[in-house]
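Please read the following briefing alongside the sequence and the coordinates.

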Amino acid sequence: MAEKKSAETASGKKTAEKEVKPEAKKEVKKETKAPAKTAVKTAKPATKKEVKDEDKVYHIARRKTDHMWYVKAEGSPRALKKFFTQEEAVTYAKTVAGNNEGRIVIHKVDGSFKKLKY
């Protein structure tokens with residue numbers, strides 16, 4: 001069942017006829033691979049009591065120069081806010097840590113830790 005086609009040039013003359021054969025269907029063999037073994041990892045949900053590495057830590061300490069209490073994020077060079085009393089600083093730090101899923105560390109006047117988990 002070969003088809004013959006003739007092509008005409010711009011001058012109208014016929015060129016040599018070419019036989020066009022339909023392509024034979026090639027058999028495609030699909031390689032079957034053994035299914036890969038996948039390791040199933042069960043993730044435990046994090047609870048509030050567990051301390052994450054991603055949690056921000058907010059320190060409440062007293063400045064020596066003006067004796068004001070400040071809230072400072074760990075690793076930050078500057079304080080977030082200054083307060084006259086430690087109680088005001090704690091309430092502010094609770095709101096900030098609650099919004100950012102962080103934790104609070106309260107320092108005594110001498111700089112030692114008063115309370116680590118808050």
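A polar contact here is a pair of N or O atoms within 3.5 Å, where within protein one atom must be able to donate a hydrogen and the other to accept it, and where residues adjacent in sequence count only if both atoms are side-chain atoms. By that rule, the side chain of His59 makes a polar contact with the side chain of Glu74, at 3.0 Å. The model is a predicted one, in which local features need pLDDT of at least 70 and side-chain atom pairs count only at pLDDT 80 or more, while totals for chains, interfaces and linings use all residues. Residues are numbered from 1 along each chain as its sequence is written, and side-chain values use heavy atoms, with hydrogens and water left out.

**Overall make-up**

- The protein chain has one helix and seven strands, where helices (H or I, at least four residues) and strands (E, at least two) are DSSP runs numbered from the N terminus.
- Read from the N terminus, the order of these elements is β-β-β-β-β-α-β-β.
- Of the 118 residues of the protein chain, 18% count as buried; buried means under 20% relative accessible area, exposed means over 50%, and partly exposed lies in between, with a 1.4 Å probe and protein chains only.
- The accessible surface of the protein chain comes to about 11,100 Å², and 52% of it belongs to carbon and sulfur atoms; such areas come from the Shrake-Rupley method with a 1.4 Å probe, and for residues only the protein chains shown count as cover.
- Among contacts (heavy atoms within 4.5 Å) between residues at least 6 apart in sequence, 26% join residues at least 24 apart.

**Helix 1**

- Helix 1 covers residues 86-99, which makes 14 residues, and reaches 20 Å from its first C-alpha to its last, close to the 20 Å expected at 1.5 Å a residue; the expected span is 1.5 Å times one less than the number of residues.
- Gln86, Ala89, Val90, Ala93, Val96 and Ala97 are the buried residues of helix 1, and they lie on the same side of the helix because they cover an arc of only 130° around the axis, the arc being that of the directions from the helix axis to the C-beta atoms.
- An α-helix has 3.6 residues a turn, so residues three or four places apart point the same way.
- On the other side of helix 1, Glu87, Gly98 and Asn99 are exposed.
- The cover over the buried residues of helix 1 includes strand 3 (57-62), strand 4 (69-73), strand 5 (81-83), strand 6 (103-107) and strand 7 (113-115).

**His59 and His107**

- His59 lies in strand 3 and counts as buried at 18% relative accessibility, whereas His107 is found in strand 6 and is buried with a relative accessible area of 11%.
- The side chains of His107 and His59 make a polar contact with each other at 2.9 Å, and a polar atom of the His107 side chain also lies 3.2 Å from the backbone oxygen of Gly111.
- Leaving aside neighbours within four places in sequence, His107 is in contact with residues including Trp69, Gln86 and Phe113, while His59, counted in that way, touches Tyr70, Val71 and Val105 among others.

**Salt bridge**

- The count comes to one salt bridge, defined as a side-chain nitrogen of Lys or Arg within 4 Å of a carboxyl oxygen of Asp or Glu.
- The pair is Arg63 and Asp66, whose side chains meet at 3.2 Å, N to O; Arg63 is partly exposed with a relative accessible area of 29%, and Asp66 is partly exposed at 31%.

**Loops and backbone**

- Most residues other than glycine have a negative phi, and most peptide bonds are trans.
- His67, in the loop between strand 3 and strand 4, has a positive phi near 60° and is partly exposed at 47% relative accessibility.
- Glu101, in the loop between helix 1 and strand 6, has a positive phi of about 55° although it is not a glycine, and counts as exposed at 54% relative accessibility.
- Lys56, in the loop between strand 2 (18-20) and strand 3, touches Glu101, Gly102 and Arg103, not counting residues up to four places away in sequence.
- Lys56 and Ile104 are 48 residues apart in sequence and 8.6 Å apart in space, C-alpha to C-alpha.
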